[in-house]
Amino acid sequence: MIDDRRENRPGRVGQVKEVTSLANPIIKDIKNLTQKKGREETGTFMAEGLKLVIDALELGWTIRTLVYAKNAKGKSLVEQVATKTVASGGLVLEVTEKILSSITRRDNPQMVVGIFDQKWTPLKDIQPDNGQTYIALDRVRDPGNLGTIIRTADAAGASGVILVGDCTDPFSLETVRATMGSVFAIPVAHATVDEFLSWKKSAGVSVVATHLAGSVDYRTIDYKKKPTVLLMGNEQGGLPPELAGKADQLARIPQQGRADSLNLAVATAVMLFEARRHVLELAPVK
Ligand code: SAM
C-alpha cells in the first residue's frame with residue numbers, strides 16, 4: 001500500500017534522470033509506444049496518471065519507467081512511486097511538461113506516466129467457475145469500445161475478456177485511457193476463432209452469443225446454470241456464422257425506434273449487467 005503521509009524516501013537520490021530534450025533517445029523510445037510496432041517490439045505500454053500507476057503497482061504489474069513532470073517533484077505520492085520504480089529496477093525520468101505533452105499527445109498531460117510490461121492471460125489458463133462471466137469479442141476494432149468494455153467488465157465483476165481474431169490492441173494509449181485503469185484489473189486473453197471454439201468445448205461454459213437475428217430474449221436466459229461467456233460481434237459486420245453457429249444461445253436485446261443496433265460497448269454493458277444480476281448487490285455508500 002502506498003502511504004501518502006510518508007515523507008522520508010531513502011535510497012533514491014541520484015537515481016532520477018532529468019531529461020529536457022525531446023530528441024533524447026529514451027523519449028523517442030517512449031514515444032514509439034504510441035505505435036503498435038513499438039509496443040510489440042518492447043512488450044510494454046504506457047498508462048497515464050498517478051492513480052493508475054499506483055493501482056497498477058498495487059496489483060503487481062511491472063513498471064519499467066516512471067516519467068513525471070518537474071512540477072510534480074517533491075509530491076509525496078510521486079516520490080513513493082518513484083522509490084518503488086527504482087527498487088524494482090526501473091528508470092525514473094523527470095521531464096518538462098512539453099515532453100510529457102509530446103509523449104502523451106495531449107495539451108494538458110497528466111503529471112505522471114508509467115511504462116509497464118504487457119500482461120496477457122493464456123487462454124488455457126482461463127478455467128471458469130460457476131458464477132463467473134467472461135466476455136468474448138469478435139474482431140473488436142474501436143479502441144474506445146474495447147476500453148469501455150474492459151472498464152464495464154471490471155465494474156460488473158466479470159472475470160476476463162477474450163479477444164477473438166484480429167482485434168484492436170488493449171494496450172494502445174486510447175484503449176488504456178478508456179479503461180480508466182481497469183486494464184490492470186481485468187485479465188485479457190487472445191485467441192483465433194479455432195482456438196476459442198476448442199477452448200469452449202473443454203471449458204464447460206455456456207456461450208451466449210448476441211446477434212441481431214437472435215431468437216432468444218436476453219432477459220429470459222438462465223445465467224446461473226454454468227459459467228457464461230457473452231460473445232459479442234464486430235462493430236460493422238456482427239458475428240460471423242462460424243461463431244454464431246457454435247453458440248449455445250443466440251440472444252437479442254429488444255429494441256424500438258429507428259436505430260438498427262446498439263453500439264457494441266453499450267450492448268455488452270446491457271448483457272453483462274443482466275448476466276450478473278443475480279450476483280450484483282447494492283453495497284452501502286462509502
Ligand atoms: N451491422 C452489425 C450487425 O449486423 O450485426 C451491427 C453490429 S453491432 C454495432 C455490434 C454488436 O453489438 C453486435 O454484433 C452484437 O453482438 C451487439 N448488439 C448490438 N445491438 C444488439 C441487439 N439489439 N441485440 C443483440 N446484440 C446486439
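The points below cover the domains, their interface, a sheet and the salt bridges.

The model is predicted: local features require pLDDT of at least 70, side-chain atom pairs count only at pLDDT 80 or more, and totals for chains, interfaces and linings use all residues. Residues are numbered from 1 along each chain as its sequence is written, and side-chain values use heavy atoms, with hydrogens and water left out.

**Domains**
- The protein is divided into domain 1 (16-117) and domain 2 (123-275), with bounds taken from an automatic or database domain assignment.
- The C-alpha centres of domain 1 and domain 2 are 31 Å apart.

**Interface between the domains**
- Contact (heavy atoms within 4.5 Å) links 14 residues of domain 1 with eleven residues of domain 2.
- Between domain 1 and domain 2, about 1,200 Å² is buried, and carbon and sulfur atoms give 66% of that area; buried area is the accessible area (1.4 Å probe) that two parts lose on being put together, summed over both.
- Five residue pairs, both residues at pLDDT 80 or more, are in polar contact between domain 1 and domain 2. A polar contact is a pair of N or O atoms within 3.5 Å; within protein, one must be able to donate a hydrogen and the other to accept it, and residues adjacent in sequence count only if both atoms are side-chain atoms.
- On the side of domain 1 that touches domain 2, helix 2 (36-42), strand 2 (44-48) and helix 3 (50-58) each give two or more residues. Helices (H or I, at least four residues) and strands (E, at least two) are DSSP runs, numbered from the N terminus.
- Strand 2 supplies the largest share of that side, four residues.

**Salt bridges**
- The whole structure holds 13 salt bridges, each defined as a side-chain nitrogen of Lys or Arg within 4 Å of a carboxyl oxygen of Asp or Glu.
- Two salt bridges cross the interface of domain 1 and domain 2.
- Arginine 39 and aspartate 169 form a salt bridge, at 2.7 Å from N to O.
- Lysine 37 and glutamate 41 form another, with their closest N and O atoms 3.5 Å apart; these residues are separated by about one helical turn because they lie four residues apart in helix 2.

- An open sheet of seven strands has the order 8-7-6-11-9-12-10, with parallel pairing; strands pair if DSSP finds at least two bridges between them.
- Strand 8 (188-191) and strand 10 (216-217) are the edge strands, each pairing on one side only.
- Strand 10 runs parallel to strand 12 (residues 249-252) and is joined to it by two bridges.
- Valine 216 has alanine 251 of strand 12 as its bridge partner.
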